[in-house]
Amino acid sequence: MVLPSPLFLCLVLSPLTPCCCVQIFRVIKRINVRILFVLLLLGLGAIFYIGASTSPIIVFVFSVCIISFVLSMYLTKWVLAKDEGPPEMVEISDAIRDGAEGFFRTQYGTISKMAFLLAVIILSIYMFRSTTPQQESSGLGRSMSAYVTVVSFLLGALCSGIAGYVGMWVSVRANVRVSSAARRSAREALQIAVRAGGFSAMVVVGLAVIGVAVLYSTLYVWLEVDSPGSMKVTDLPLLLVGYGFGASFVALFAQLGGGIYTKAADVGADLVGKVEQGIPEDDPRNPAVIADLVGDNVGDCAARGADLFESIAAEIISAMILGGTMAQRCKIEDPSGFILFPLVVHSFDLVVSSVGILSIRSKRDAGAIGVVEDPMLILQKGYSVTIVLAVITFGLSTRWMLYTEQAPLAWLNFALCGLVGILTAYVFVWITKYYTDYKHEPVRTLALSSSTGHGTNIIAGISLGLESTALPVLVISVSVISAFWLGHTSGLVDEAGNSTGGLFGTAVATMGMLSTAAYVLTMDMFGPIADNAGGIVEMSQQPESVREITDVLDAVGNTTKATTKGFAIGSAALASFLLFSAYMDEVAAFAHVAFKQVDIAIPEVFVGGLLGSMLIFLFSAWACSAVGRTAQEVVNEVRRQFIERPGIMDYKEKPDYGRCVSIVASASLREMIKPGALAIVSPIVVGLVFRIVGYYTGHPLLGAKVVAAMLMFATVSGILMALFLNTAGGAWDNAKKYIETGALGGKGSDCHKAAVTGDTVGDPFKDTAGPSLHVLIKMLATITLVMAPVFL
């Protein structure tokens, strides 16, 4: 087989990085419908041919994913069929859409250039790295391994970019329809927001599953896996790690750039508008209001779509690696069930989440918010339906995929591992809701602290955030140990009689936790869509009764966003544990020696751990300071406009919205580079430095051990820091919302001003540093897995 040169390969694939997402969709729109239909049929035929040549399980996965895409098209058609309301609403919505799409193109253009550069670096490293005995025996040389990794990396980056674009595309079109529906019915507005979020969720999860499945089946057919003299199927998942790294790379920069954008605009708008000028949130007189509403779409929707895509892709790949490793050690006759199990679980996720989304319907007699159910209760009912169906389908999946004659009851143990994961997800959602929903005591206590001033509000918010880390850590600890023990006692043993199912049991628990990911993402997308809808209602000066409906939806959206972040942190903790185990296995394969423990009593290894913890704090500091610097520019600009255009306050002059949009767009792109580069460069530099130290001191595995300690400490510190930042920020936000309902003096009171200060402090916590941290944790794990040979 003749292979192209490395540079040619990168040049050909570089246009397929995320910057082309918008252009791809534009080209598709211009193609004749019949031609497009023929091309679609040919593409589907090729996909199903490859799938059928791999395994019937892959055909099942492809079928479910395509059906989910069809359902998402139905949801899109249903949402877009709703009216956009009066012209003033449409005008505001168009401005938000233009700003969001413009920033997306620019941001992802920058990310694409960095992805191409990193792809060239990865290719160069892989061309000179060593190979494992398994790769040598199967004829997979350095060049082939390099090409596969780079293609996987760029494909993961492309799919992550598409996932982000889908999240942003639907939000900028659904917001005005939710605003319009709020004039008629709270329940109808809720249903539109949920179904719009459901469209994005179905596409993102389906894309993550089908992307891994297509890559796996293509490599299976191309490399002639399991034929004499070729690679074994149990080794194939290791070739997919580039896909997870590409997804993590794009998700990190999308989250950083989008988070800096949205929170800098939000902070600037609140400090001058609410505190100094005393005007309401999203008031059309505020020059930063359009930038704030654009930020909801690029920060909460586009970034979150890429984030969850990366979470699912990383979890699938790590579980496939561990499943293949365990099947190989246990000499299981047909290991495909253990390898492909994650794809089946997430296929059923699409099915059960679809039912949960469609279970939320509007009622004919639903009118004002007072006559309908609490929106949170409606969303929880849908989540409960999804949870029950997930438990049933998970049990069926384990019996179908994980039954083996060697241990006939092992599937039952793994089904219980999945149940542990599902319960963990549910408890995580409940804990986060308890600490961030103003119906519960913690947020009400935080709101009460605002009555004595700004300082006591800050103190109470920080203490609440610190306290909120305890219960989630206990839940994670119980779930990890329970799942490991259930897997360990499953009856699967290696040739020496040692139990080998412990790690895979933890992997199954992670799958269980993410088995309702599509519905959870739906709830997450609901938040920024409702927030945008409220902004459009306020800017178009609709009656107060309409704003009351969107305010309630917005408050519920704040809680759902917070619960989703808690969910993401929990899944990140479990997924990082799996990737850490996969890293140790890969180091052992390349070094040809056992690598099962990391001794932190060794000074260099302990230093690696300290550096990992330091990385978390330094990254968080840089992310928050980036928001602060950009917000200062926005504050100065808003103040300037109020001084130079005094007619703004009397509606005699119109603010220059575009100036604030331009400021936050350029600043966020500039500011996202430094913390992102820190995350990528740090593990590589640390590994190389201590590899050199180990070479001269006679410790050949020192570099790999130090990186393992760095990853371990960074994961632990990152989980705690992310929990603190996300929960504190969400609580501050909803404490402000609680006061705005009329409690403790209501809007404009001194208590409200103190709460606005707390919300301002919490903005970079919950929407920039916090969400970026759990992406960082998984990216550190994937980058160490990809770069493992460099540290030896």
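I found Leu419 in helix α13; helices (H or I, at least four residues) and strands (E, at least two) are DSSP runs, numbered from the N terminus. Leu419 counts as partly exposed because its relative accessibility is 32%; buried means under 20% relative accessible area, exposed over 50%, and partly exposed in between (1.4 Å probe, protein chains only).

A note on the source: this is a predicted model, where local features need pLDDT of at least 70, side-chain atom pairs count only at pLDDT 80 or more, and totals for chains, interfaces and linings use all residues. Residues are numbered from 1 along each chain as its sequence is written, and side-chain values use heavy atoms, leaving out hydrogens and water.

Entry two: the neighbourhood. Helix α13 (residues 410–436) gives the patch its largest share, four residues.

I noted 24 helices and zero strands. The radius of gyration (taken over C-alpha atoms) is 25 Å, close to the 28 Å that the globule rule gives for 792 residues, so the chain is as compact as a globular protein of that length. That rule is 2.2 Å times the number of residues to the power 0.38. The C-alpha atoms fill a box of roughly 80 × 60 × 50 Å, taken along the principal axes.
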